[in-house]
Amino acid sequence: MRKLIAILFVLTVAFLASSAYAVQPDEIMSDPVKESRARDLSRELRCMVCQNQSIDDSEAPLARDLRLLVRERIAAGDSDTQVIDFLVARYGEFVLLKPRFNPHTLVLWLLPPLALMGGGLALWTYSRRRSKSLGTADPSLLHLTEEEEARLERLIAVETQPEKPA
């Protein structure tokens, strides 16, 4: 039981520490409210090197520079919107992990729901066509003719006869 508790404790500490290990101690602001704002903003910004991580999670040098830039702007008195707008003006929309809804990103936002609706429509159409084709099938196609039944009987009889020893 003690080993299990020790393992759970180590895993918990490792899990909690992993979310904060990219931000270096010298980056942290002295004001906890401003630091919280900086961390929240850092989670919304993409690391240009890693591309699938926020700058809050990335250890890349560029991510560190962006974290410091965010903290500088917050220390200068910028609002969250002003900080984001500054970074977008400097690096483009790609710096945002969740792009804004505007004409440039319209396809990005609308493609997933349209693809889902298109797939649902295709499945619905397929199932309707299939049910119609099964309902209108020629009943004579579902039964064997006398000739086909006789041939089937002969084939079954040949397969079931025991082989004669040579």
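How many helices and how many strands are there in the protein? The protein has six helices and zero strands, where helices (H or I, at least four residues) and strands (E, at least two) are DSSP runs numbered from the N terminus. The model is a predicted one, in which local features need pLDDT of at least 70 and side-chain atom pairs count only at pLDDT 80 or more, whereas totals for chains, interfaces and linings use all residues. Residues are numbered from 1 along each chain as its sequence is written, and side-chain values use heavy atoms, with hydrogens and water left out.

**Overall make-up**

- Read from the N terminus on, the order of elements is α-α-α-α-α-α.
- Of the 166 residues in the protein, 20% are buried; buried means under 20% relative accessible area, exposed means over 50%, and partly exposed lies in between, with a 1.4 Å probe and protein chains only.
- Among contacts with a separation of 6 or more, 50% are between residues 24 or more positions apart, a contact being heavy atoms within 4.5 Å.

**Salt bridges around Asp-56**

- Eight salt bridges are found in a search of the whole structure; each is a side-chain nitrogen of Lys or Arg within 4 Å of a carboxyl oxygen of Asp or Glu.
- One of them joins the side chains of Arg-39 and Asp-56, at 2.6 Å from N to O.
- Arg-39 and Asp-56 are both buried.
- Asp-56 also meets Arg-43 in a salt bridge, at 3.6 Å from N to O.
- This second pair links distant parts of the chain, with Asp-56 in the loop between helix 2 and helix 3 and Arg-43 in helix 2, 13 residues apart.
- Asp-56 has a relative accessible area of 1% and is therefore buried, whereas Arg-43, at 43% relative accessibility, is partly exposed.
- A network of salt bridges links Arg-39, Asp-40, Arg-43 and Asp-56.

**Salt bridge of Arg-73 and Asp-78**

- Arg-73 and Asp-78 form a salt bridge in which the closest N and O atoms are 2.7 Å apart.
- Arg-73 has a relative accessible area of 26% and is partly exposed, while Asp-78 is buried at 13% relative accessibility.

**Packing of helix 2 and helix 3**

- The axes of helix 2 and helix 3 are 10 Å apart, and the two helices pack at an angle of about 135°; axes are lines fitted to C-alpha atoms, for helices over the stretch in contact, and angles run from 0 to 180 degrees between N-to-C directions.
- Helix 2 is therefore oblique to helix 3, given that angles under 35 degrees count as roughly parallel, over 145 as roughly antiparallel, 65 to 115 as roughly perpendicular and the rest as oblique.
- The crossing of helix 2 and helix 3 is right-handed; a crossing is left-handed if the near helix is turned anticlockwise from the far one by less than a right angle, and right-handed if clockwise.
- On the helix 2 side the contact includes Lys-34, Glu-35 and Arg-39, and on the helix 3 side it includes Arg-67, Val-70 and Ile-74.
- By class, five nonpolar, one polar and six charged residues take part in the contact of helix 2 with helix 3; Ala, Val, Leu, Ile, Met, Phe, Trp, Tyr, Cys and Pro count as nonpolar, Asp, Glu, Lys and Arg as charged, and the others, Gly among them, as polar.

**Packing of helix 3 and helix 4**

- Helix 3 and helix 4 (residues 80–91) pack at an angle of about 135°, and their axes are 10 Å apart.
- Helix 3 is therefore oblique to helix 4, and their crossing is right-handed.
- Leu-66, Leu-69, Val-70, Arg-73 and Ile-74 of helix 3 make the contact with Val-83, Phe-86, Leu-87, Arg-90 and Tyr-91 of helix 4.
- The contact of helix 3 with helix 4 comprises eight nonpolar, no polar and two charged residues.

**Loop residues**

- Gln-24 is in the loop between helix 1 (2–18) and helix 2, and at 33% relative accessibility Gln-24 is partly exposed.
- From C-alpha to C-alpha, Gln-24 and Arg-64 are 8.4 Å apart in space, although 40 residues apart in sequence.
- Ser-54 is in the loop between helix 2 and helix 3, and at 5% relative accessibility Ser-54 is buried.
- Leaving aside residues up to four places away in sequence, Ser-54 touches Ser-42, Arg-43, Leu-45, Arg-46, Cys-47 and Leu-97.
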